[in-house]
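Open the model in a viewer and keep the selection panel at hand. The stops below go from one selection to the next.

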Amino acid sequence: MNTETSWTELHALSVKAATGAGVPAGQALAFGAMLPRHLAEGRPQAPLADVLQTPKTIVSLAHQIETMIEEASVSPRLVRANVPDAGHCAILTSWIEGLPCQAEVVSTPEGVQAYLSLEAPSNRARPDRISIGHDLLKLLNEFAARTYVPDSAESRANGAGADAMVLD
């Protein structure tokens with residue numbers, strides 16, 4: 001069974017989930033930007049669940065994207081990432097398509113190649129709602145929960161929660 005959610009809700013949850021999985025902040029933010037694009041394009045959800053459980057893979061894929069962007073910034077040309085795993089290839093494709101620039105992406109047996117036009121803004125639309133499977137949504141929420149402060153008297157005494165705020 002699938003759930004419909006907004007792009008923004010899914011983006012925020014994905015960033016929290018990646019953070020909860022132990023992914024560094026910069027790569028977690030990039031992962032969060034990629035995941036809604038991946039689902040909006042109807043790509044498989046299983047690879048997303050797999051990489052969340054192996055955060056080093058998210059970091060590795062993020063570094064490959066950063067390398068491709070760096071190469072494209074030197075001169076406009078075809079850039080490549082060698083990723084033989086089909087699931088990771090689908091994630092890289094979504095990651096590239098989620099960049100704020102125009103990108104033409106082609107999957108090959110060796111991985112992904114793309115022509116990035118870094119100076120031209122992306123023309124990809126965001127759908128109003130995105131469908132996400134129950135299992136992936138549950139996993140995202142479980143990882144995101146790792147970032148929450150526990151609800152206890154001790155955590156409130158140490159500054160968590162709003163309590164009675166004095167507003168000027």
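Select Phe 31 and Trp 95: both are buried (under 20% relative accessible area with a 1.4 Å probe and protein chains only; exposed is over 50%, partly exposed in between). This is a predicted model, in which local features need pLDDT of at least 70 and side-chain atom pairs count only at pLDDT 80 or more, while totals for chains, interfaces and linings use all residues. Residues are numbered from 1 along each chain as its sequence is written, and side-chain values use heavy atoms, with hydrogens and water left out.

Stay on these two rings. A search of the whole structure finds one aromatic pair. The ring centres of Phe 31 and Trp 95 are 6.4 Å apart and the planes stand at 70 degrees, so the pair is edge-to-face (rings of Phe, Tyr and Trp, the last by its six-membered ring, pair with centres within 6.5 Å; planes under 30 degrees apart are stacked, over 60 edge-to-face, the rest tilted). Phe 31 lies in helix H2 and Trp 95 in helix H5, 64 residues apart, and the pair thus links distant parts of the chain.

Next, select H2, residues 25-40. Helices (H or I, at least four residues) and strands (E, at least two) are DSSP runs numbered from the N terminus. H2 has 16 residues and reaches 23 Å from first to last C-alpha, close to the 22 Å expected (1.5 Å times one less than the number of residues). Its buried residues include Gln 27, Met 34, Arg 37 and Leu 39. Among the elements covering the buried residues of H2 are helix H4 (55-74), strand E5 (130-133) and H6. Just after H2, Gly 42 has a positive phi of about 75 degrees.

Now pick Leu 39. Not counting residues up to four places away in sequence, Leu 39 touches Leu 10, Gln 45, Leu 48, Ile 130, Ser 131, Ile 132 and Leu 136 (contact: heavy atoms within 4.5 Å).

Which residues touch the most other members of the largest nonpolar core? Among them are Phe 31, Leu 39, Trp 95 and Leu 140, in a core of 45 residues (buried Ala, Val, Leu, Ile, Met, Phe, Trp, Tyr and Cys joined through side-chain atoms within 4.5 Å). The largest share of this core, seven residues, comes from H4.

Move to strands E3 (residues 101-108) and E4 (residues 111-121), which run antiparallel and are joined by eight bridges (strands pair if DSSP finds at least two bridges). They form a hairpin with two residues between them. Ser 107 stands opposite Val 112 in E4.

Finish at Asp 135 in helix H6 (residues 134-145). Asp 135 is exposed, with a relative accessible area of 63%.
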